[in-house]
Amino acid sequence: MKYFSYDTVTSTNDAAKEICGKYRRAAVLARAQTKGRGRCGRSFYSPEGAGLYMSYILDVTPDEALKIPLTPLCAVAVCRALEAFGVRGVGIKWVNDVYLRGKKVCGILVESCGDKVICGIGVNLTTESFPEGLGNAGSVSLAIPPKKLAKRIVRNIDRALKRRDFKEEYVSRSVLTGKTVEFSENGVMKKALVTGFDGDLRLLVSSEGKTRALSSGEVHITEIIQN
Ligand code: BTN
């Protein structure tokens, strides 16, 4: 397993895409990203030396990744790693955000690269202020050495891939269960109560007496409305 560390890159996912054909497993780390990105075309604020910005190239095919499912597995791996460094109270907002005290402290972007997948993970460690519009962003407020955290996350991902022991924990760490959420579906805003998850970790929501399962590719939660 090889680690590549850079000062500044556009995005560690892009840097990983350049080498994913050459290495079976590898991780790319950077101190800063100028074009860090997230799901749904959003950007990921990545100021120098304030976070962990990493992309782990996994020897798993994109088809296998869908069946695992890999984004929830990575979210659990991050929570376990943060706890190992003493951070208490981390939860998961379906599908790919790690939350602490009501703020998003980590985002995960899984992308394919040929016959492999890249797990892009960004953790705000000591970032103190965020650009306008990122009102729900927060930081762990603990100066964990990024490479140590990266190694722990990689270990946790590898273990969870072997043991497949992450689904129950993913469900129990959910910060959405029991909350009313607002989401957009095909451009239409809707509200529903989150009641839990199905076996494929789709989000179960209920509104007007009907329960349905939401897939992460189709909807995006725009707001958590406290009950
Ligand atoms: C999201 O919030 O939707 C996901 C954010 C993922 C950010 C990480 S930082 C490392 C890697 N490189 C990127 O450009 N994105 C991911």
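What is the volume of the second largest pocket? The second largest pocket has a volume of about 480 Å³, and the largest pocket holds about 670 Å³ of space. The model is predicted, so local features need pLDDT of at least 70 and side-chain atom pairs count only at pLDDT 80 or more, while totals for chains, interfaces and linings use all residues. Residues are numbered from 1 along each chain as its sequence is written, and side-chain values use heavy atoms, with hydrogens and water left out.

**Terms for the pockets**

- A pocket is an open set of points on a 1 Å grid over the protein atoms alone, with protein on both sides within 12 Å along at least five of seven lines; a 1.4 Å probe is used, and lining residues have an atom within 4 Å of a point.
- Grid points are joined across faces, edges and corners, and a volume is the space filled by probe spheres set on the points.
- Helices (H or I, at least four residues) and strands (E, at least two) are DSSP runs, numbered from the N terminus.

**Second largest pocket**

- The lining has 26 residues, and those closest to the centre of this pocket are Ala65, Leu66, Pro69, Thr71 and Ser216.
- Helix 2 (62-67), helix 3 (70-84) and strand 6 each give two or more residues to this lining, with the largest share, 5 residues, coming from strand 6.
- The lining divides into 14 nonpolar, 6 polar and 6 charged residues (Ala, Val, Leu, Ile, Met, Phe, Trp, Tyr, Cys and Pro count as nonpolar, Asp, Glu, Lys and Arg as charged, and the others, Gly among them, as polar).
- The second largest pocket lies between domain 1 (2-172) and domain 2 (180-225), because both give residues to its lining; the domain bounds come from an automatic or database domain assignment.

**Largest pocket**

- 42 residues line the largest pocket, and Arg42, Ser43, Phe44, Asp97 and Lys104 lie nearest its centre.
- At least two lining residues come from each of helix 1 (12-19), strand 3 (51-58), strand 5 (97-100), strand 6 (103-113), strand 7 (116-124) and strand 12 (219-225).
- Strand 12 gives the most to this lining, 6 residues.
- The lining is made up of 16 nonpolar, 19 polar and 7 charged residues.
- Since domain 1 and domain 2 both give residues to its lining, the largest pocket also lies between them.

**Sheet and packing**

- An open sheet of 7 strands has the order 1-2-3-7-6-5-4 with mixed pairing; two strands pair if DSSP finds at least two bridges between them.
- Strand 1 (2-9) and strand 4 (90-93) are the edge strands, each pairing on one side only.
- Neighbouring strands of the sheet are turned by 20° against each other on average, direction ignored.
- Strand 6 and strand 7 run antiparallel and are joined by 8 bridges; Gly107 has Gly122 in strand 7 as its bridge partner.
- Helix 4 (residues 146-163) packs on the sheet and touches strand 1, strand 2 (26-33), strand 3 and strand 7, its direction making about 35° with that of strand 3.
- Contact means heavy atoms within 4.5 Å; axes are lines fitted to C-alpha atoms, for helices over the stretch in contact, and angles run from 0 to 180 degrees between N-to-C directions.

**Backbone geometry**

- Most residues other than glycine have a negative phi, and most peptide bonds are trans.
- The peptide bond from Ile68 to Pro69 is cis, with omega near -15°, and Pro69 is in the loop between helix 2 and helix 3.
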